[in-house]
Amino acid sequence: MTVQFPTDRGGDLSIRPAERADLLAVVRIENASFSQPWPYDAFDRFLGEPGFLVAVDDGRIAGYVVADVSSNVGRRIGHIKDIAVHPDHRGNGIGSALLSRALAVMAAHGADSVKLEVRRSNDKAKRLYREFGFEPLRRMPDYYDDEDAIVMIRKLD
């Protein structure tokens, strides 16, 4: 299912499930966004998962999110594993649209809360997550080898 979102620049953005043909663009965005990027195979394993979504802007992949839902002690917990927007498309609301859609997908698949990890130094991402109701839960030392992560969590309604 493709969902349309208005963007901050006035155009339309569509968000849909990722397809195999999207993987090279997703990996390029990953490599441009992170110092320790996921390899192609990591994304390939998530194809078909409802929480692997891409944002399409003007016919090109502008960003993606990888999320899933798992059971843990009788609860269904969503996990945002990876999210990124191409550097040329940042600041246009694409990250917010991806996050919003991923939260809706996880709620539809029974998640009662969602967690994610973020670099301790990534203030911009932490600010976005706080805007979506995520709260810091704990610090994970050396999660990114060279830096601690902050685990953030949000309850879903």
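Analyst: Starting at the N terminus, the elements of the protein chain follow the order β-β-α-α-β-β-β-α-β-α-β-β, where helices (H or I, at least four residues) and strands (E, at least two) are DSSP runs numbered from the N terminus. That gives four helices and eight strands. The model is predicted, so local features need pLDDT of at least 70 and side-chain atom pairs count only at pLDDT 80 or more, while totals for chains, interfaces and linings use all residues. Residues are numbered from 1 along each chain as its sequence is written, and side-chain values use heavy atoms, with hydrogens and water left out.

Now to your salt bridges. The term stands for a side-chain nitrogen of Lys or Arg within 4 Å of a carboxyl oxygen of Asp or Glu, and a search of the whole structure finds 10 of them. One of these pairs Asp146 with Arg119, at 3.2 Å from N to O. Asp146 is in the loop between strand E7 (135-140) and strand E8 (149-155), whereas Arg119 belongs to strand E6 (residues 113-119), so the pair links distant parts of the chain, 27 residues apart.

For burial, the cut-offs are under 20% relative accessible area for buried, over 50% for exposed, and partly exposed in between (1.4 Å probe, protein chains only). Asp146 is exposed at 55%, while Arg119 counts as buried at 17%.

Next comes Arg120, which forms a salt bridge with Asp148, their closest N and O atoms being 3.7 Å apart.

Within helix H4 itself, Asp123 and Lys126 lie three residues apart, about one turn of the helix. Their salt bridge brings the closest N and O atoms to 3.4 Å. Asp123 is partly exposed, with 45% relative accessibility, and Lys126 is buried, with 14%. Elsewhere, salt bridges that share partners join Arg16, Glu19 and Asp22 into one network.

As background for these values, buried residues make up 47% of the 157 residues in the protein chain.
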